[in-house]
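Student: I would like to learn how to read a model like this one, feature by feature. Could we go through it together?

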Protein chains: 2
Amino acid sequence: MPDRNPALPPAAHDHAACVAEALDRAERLCAARGERLTALRRQVLELVWSRHAPQGAYDLLEELGRERGRVAPPTVYRALDFLQAQGLIHRIESLNAFIGCPVPEARHSGQFFICRSCRTAAELDAGTIDKAIDREAQRLGFAIEQRTVELLGLCQGCREAAR
Amino acid sequence: MPDRNPALPPAAHDHAACVAEALDRAERLCAARGERLTALRRQVLELVWSRHAPQGAYDLLEELGRERGRVAPPTVYRALDFLQAQGLIHRIESLNAFIGCPVPEARHSGQFFICRSCRTAAELDAGTIDKAIDREAQRLGFAIEQRTVELLGLCQGCREAAR
DNA sequence: GCATGAATGTTATTTTATAACATGCACACG
DNA sequence: CGTGTGCATGTTATAAAATAACATTCATGC
């Protein structure tokens with residue numbers, strides 16, 4: 001996987017378009033794979049994409065409840081499971097939360113830079129990091145199946161605001 | 001932090017000595033820092049070190065209960081909090097579990113290679129990985145405060161056993 | 001139409017973690 | 001030696017995150 005440019009969402013951007021694009025990509029991807037992006041799954045994906053920040057399952061549950069009346073946890077968790085299986089969202093382990101994937105086409109795990117101030121999370125797929133990890137794995141004779149790389153700190157914007 | 005040799009615990013090793021050494025290091029470290037490694041905290045640390053695998057808080061709770069009668073969750077969580085604050089244990093986010101740190105003297109976060117078969121986890125502090133992450137953070141203008149790097153897969157031993 | 005399997009609904013429960021307040025214990029100071 | 005002050009632990013209750021198990025609904029292929 002080649003490096004991509006910083007996935008840092010510009011402070012101000014056309015977020016509606018950003019969400020629409022994500023949903024559109026999801027539609028096309030599922031269609032191509034013969035998977036069913038049902039209304040519920042689509043709606044959950046839309047909620048995940050409503051912010052460029054990881055969101056907890058119960059936050060999503062509450063949002064969803066606002067839109068379609070009382071909803072039980074399995075409803076959301078099943079949708080999240082599906083979306084994860086399709087690579088449309090990632091789980092942020094250190095926050096028990098979920099975030100939309102900007103590049104769902106190819107399977108990957110990504111590295112997440114998460115600002116503790118504004119909560120924004122940027123996904124990178126830096127070959128440099130993956131390769132460094134691969135080299136160490138090789139040294140150990142370890143076969144990696146799943147990667148979790150999460151960096152918590154302050155994003156540039158929040159650092160500058162803090163000065 | 002320089003690279004260390006693989007922290008892979010040899011399949012067969014004198015584990016009693018290994019635990020004893022960890023406890024001893026903890027004692028000295030806390031003494032030097034003027035922190036109190038109480039009987040409870042020591043006992044929890046010993047339980048964490050009982051295996052080279054991440055263990056859940058409630059597993060530890062159960063073990064602890066066997067040794068000192070009924071114990072409530074906060075008892076264990078508070079001990080774990082202390083041990084973490086002293087750098088004596090690490091939390092494995094992707095497993096909600098804890099593992100002893102073999103190099104508690106210097107603050108660091110480490111990279112964890114966790115075998116899904118034998119459950120053994122190896123801690124590395126590979127400068128190569130840290131540096132690759134640092135470079136990307138720099139590019140983003142992101143100030144890292146906390147790192148989570150967890151690789152799940154198959155260790156060499158289990159791969160060979162599987163063939 | 002209708003059978004089939006996938007998706008969703010529903011209820012209950014498990015697992016992980018923390019809040020809030022009570023009690024105990026060790027050391028610092030007089 | 002008290003004793004009181006602050007940290008450590010005990011206790012009870014609850015919050016937060018996730019899943020198990022079974023019922024119902026719905027879309028699609030025949």
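Student: Where is the place of B:Asn96 in chain B?

Tutor: This is a predicted model. B:Asn96 is in the loop between strand 1 (89-92) and strand 2 (97-100) of chain B. Its backbone has a positive phi of about 45°, although B:Asn96 is not a glycine.

Student: Is B:Asn96 buried, exposed or partly exposed?

Tutor: The idea is to count the C-beta atoms around a residue; 20 or more within 10 Å make it buried, 12 or fewer make it exposed, and partly exposed lies in between. B:Asn96 has 13 other C-beta atoms within 10 Å, so it is partly exposed.

Student: And what is found for A:Asn96 in chain A?

Tutor: A:Asn96 sits in the loop between strand 1 and strand 2 of chain A. A:Asn96 also counts as partly exposed because it has 13 C-beta neighbours inside 10 Å. The two strands on either side form a hairpin with four residues between them, and A:Asn96 in that turn has a positive phi of about 45°.

Student: How many bridges pair strand 1 of chain A with strand 2 of chain A, and in which sense?

Tutor: Start with the general idea: in a regular strand the side chains alternate between the two faces of the sheet. In this case, strand 1 (residues 89-92) and strand 2 (residues 97-100) of chain A are antiparallel and pair over four bridges.

Student: Which strands join chain A to chain B?

Tutor: Strand 5 of chain A and strand 5 (residues 143-154) of chain B run antiparallel and are joined by eleven bridges. In this pairing A:Val149 has B:Val149 of strand 5 of chain B opposite it.

Student: What rotation superposes chain A on chain B?

Tutor: Read the angle and the shift together. A rotation of 180° with 0.0 Å of shift along its axis superposes chain A on chain B, with an RMSD of 0.0 Å. That is the relation of a two-fold axis. A:Val149 is the residue of chain A that comes closest to the rotation axis, with its C-alpha at 2.3 Å.

Student: How many residues does the contact take from chain A and from chain B?

Tutor: An interface is often given a size as the accessible area lost when the parts come together. Here we can count residues instead: 35 from chain A and 35 from chain B. On the chain A side, the elements that give two or more residues are strand 4 (121-124), helix 5 (127-140), strand 5 (143-154) and helix 6 (156-162). Strand 5 of chain A has the largest share, twelve residues. By class, the side of chain A that touches chain B has 19 nonpolar, seven polar and nine charged residues.

Student: Why can one say that the copies meet through the same surface?

Tutor: Because 100% of the interface residues of chain A are also interface residues in chain B, the copies meet through the same surface.

Student: Which residues does B:Ile129 touch?

Tutor: Leaving out residues up to four places away in sequence, B:Ile129 touches A:Ala132, A:Ile133, A:Glu136, B:Gln111 and B:Val149. B:Ile129 is in helix 5 (residues 127-140) of chain B. It counts as buried because it has 26 C-beta neighbours inside 10 Å. B:Ile129 and B:Val149 are 20 residues apart along the chain, and their C-alpha atoms are separated by 9.3 Å.

Student: Which domains does the assignment give for chain A?

Tutor: The domain assignment gives domain 1 (12-102) and domain 2 (108-163). Their C-alpha centres lie 21 Å apart. Ten residues from domain 1 of chain A and ten residues from domain 2 of chain A make the contact. On the domain 1 side, six are nonpolar, three polar and one charged.

Student: Which residues come nearest to DNA strand C?

Tutor: Of the 17 residues around DNA strand C, A:Thr38, A:Leu40, A:Ala72, A:Pro74 and B:Pro73 come nearest. Helix 4 of chain A gives the most to this surface, with five residues. The surface divides into ten nonpolar, four polar and three charged residues.

Student: And which come nearest to DNA strand D?

Tutor: Of the 17 residues around DNA strand D, the nearest are A:Pro73, B:Thr38, B:Leu40, B:Ala72 and B:Pro74. For this surface the largest share, five residues, comes from helix 4 of chain B.

Key: Residues numbered from 1 in each chain as written. Chains lettered and ligands numbered in written order. Predicted model: local features only at pLDDT ≥ 70, side-chain atom pairs only at ≥ 80, totals over all residues. Contact = placed C-beta atoms within 7 Å. Least-squares fit on C-alpha atoms with pLDDT ≥ 70 in both. Domains from an automatic or database assignment. Nonpolar A, V, L, I, M, F, W, Y, C, P; charged D, E, K, R; others polar. Near = placed C-beta within 6 Å. Pairing = 2+ DSSP bridges.
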